[in-house]
Amino acid sequence: MRTTGLAKIAATVMLAAVLSLAGCVSAQKVDSSFDLKSIGGNEGIIVASMVQDRSGWTSYSNVGFLYRDKDGNNRGRVAYSAGLPGFNVGQRESDIVKVYKLPAGQYEFYDFDMFIGSPVGTTEFSAREEYSIPFTVKPGQVTYIGEIKLIPRTGRNIFGLPIPGGGRFILSDQRSRDMALLRANYPNFAAARVEHRPLRGGNAPPDLVSFR
């Protein structure tokens with residue numbers, strides 16, 4: 001965890017926005033007009049949902065679950081931004097489903113990032129050590145890998161006041177909701193065959209990631 005000054009807020013917001021939209025040069029987040037016919041012979045699609053529990057005191061402005069292929073060449077993040085730091089406006093249900101086009105191959109989730117902003121700076125969190133939660137991108141295939149849900153943690157400062165305390169993730173199969181949202185928001189996926197392979201295992205610490 002680290003806290004940055006006011007001068008770095010704009011740079012942090014810009015970086016987060018760029019990463020959310022582009023991930024990496026080889027991992028493309030697609031929009032609602034994406035046509036499955038444009039998938040290359042050695043490319044595939046992953047579908048996931050990213051949500052944040054907002055029942056507690058802490059709410060993060062930008063959350064990402066980072067992935068890479070086995071060679072580390074293709075990287076990206078399943079991510080969302082819920083508004084500018086200090087101006088969280090929530091996330092509409094229609095926006096929680098994320099669709100990415102990637103080169104086919106073996107991948108893993110290995111880290112996360114999240115930040116929350118205030119008028120005096122941003123507080124950022126990431127994993128202390130890398131982990132591995134594997135998934136596969138198949139050529140020409142649309143694969144649903146499930147919901148990634150952040151449960152924020154709230155700590156206390158020396159005065160006993162609440163402060164952001166990081167968070168943990170719950171990975172689960174929410175296909176009934178997510179497939180309806182996918183087909184509603186991505187009309188070209190309406191008739192697509194989707195293979196369901198929710199994330200089920202890995203070596204992430206159980207206090208950081210759990211599976212349901």
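This is a predicted model: local features need pLDDT of at least 70, side-chain atom pairs count only at pLDDT 80 or more; totals for chains, interfaces and linings use all residues.

Student: What else does the side chain of Arg75 reach?

Tutor: The backbone oxygen of Gly72, at 3.0 Å.

Student: Where is Arg75 found?

Tutor: In strand E5, which covers residues 75-81.

Student: How far is Arg75 from Ala27?

Tutor: In sequence, 48 residues. In space, their C-alpha atoms are 6.4 Å apart.

Student: Back to Tyr110. What sits over its ring?

Tutor: The charged end of Arg68, 4.0 Å from the ring centre.

Student: OK, aromatics. How many aromatic pairs does the structure hold?

Tutor: It holds 13. Take Tyr60 and Phe125: their ring centres are 6.0 Å apart and their planes are at 85°, so this pair is edge-to-face.

Student: Which parts does that pair tie together?

Tutor: Tyr60 is in the loop between strands E3 and E4, and Phe125 is in strand E8, so the pair ties together parts 65 residues apart in sequence.

Student: Are Tyr60 and Phe125 buried or exposed?

Tutor: Both are buried.

Student: What about Ser59, where does that lie?

Tutor: Ser59 is also in the loop between E3 and E4. Ser59 counts as buried because its relative accessible area is 13%, under the 20% cut-off. Its side chain makes a polar contact of 2.3 Å with the side chain of Arg54.

Student: Which residues do ring pairs link into a cluster?

Tutor: Phe65, Tyr67, Tyr100, Tyr107, Phe109, Phe112, Tyr131, Phe135 and Phe169.

Student: Let's look at Tyr67. Where is its place, and is it buried or exposed?

Tutor: Tyr67 is in strand E4, residues 62-69. Tyr67 is buried, with a relative accessible area of 0%.

Student: How far apart are Tyr67 and Phe135?

Tutor: They are 68 residues apart in sequence. C-alpha to C-alpha, the distance is 9.5 Å.

Student: Now the largest nonpolar core. How many residues, and which have the most contacts inside it?

Tutor: The core has 32 residues. Those with the most contacts inside it are Phe65, Tyr67, Phe109, Phe112, Tyr131, Ile133 and Phe169.

Student: Which strands supply at least two residues each?

Tutor: E3, E4, E5, E6, E7, E9, E10 and E11. E7 gives the largest share, five residues.

Student: What is Phe109 in contact with, leaving aside its neighbours within four places in sequence?

Tutor: Its partners include Phe65, Leu66, Tyr67, Val78, Tyr131 and Ile133. Leu199 is also one of them.

Student: Which residues does the second, separate core include?

Tutor: Among them are Val30, Ile96, Val142 and Met179. That core has 18 residues.

Student: Zooming out, how many helices and strands are there?

Tutor: Two helices and 13 strands. Of the 212 residues, 47% are buried.

Student: And what share of contacts join residues at least 24 apart?

Tutor: Among contacts between residues at least 6 apart in sequence, 74% do.

Key. Residues are numbered from 1 along each chain as its sequence is written. Side-chain values use heavy atoms; hydrogens and water are left out. Helices (H or I, at least four residues) and strands (E, at least two) are DSSP runs, numbered from the N terminus. Buried means under 20% relative accessible area, exposed over 50%, partly exposed in between (1.4 Å probe, protein chains only). Rings of Phe, Tyr and Trp (its six-membered ring) pair if their centres lie within 6.5 Å; planes under 30 degrees apart count as stacked, over 60 as edge-to-face and the rest as tilted. A charge sits over a ring if NZ of Lys or CZ of Arg is within 6 Å of the ring centre and within 35 degrees of the ring normal. A polar contact is a pair of N or O atoms within 3.5 Å; within protein, one must be able to donate a hydrogen and the other to accept it, and residues adjacent in sequence count only if both atoms are side-chain atoms. A nonpolar core is a set of buried Ala, Val, Leu, Ile, Met, Phe, Trp, Tyr and Cys residues joined through side-chain atoms within 4.5 Å. Contact means heavy atoms within 4.5 Å.
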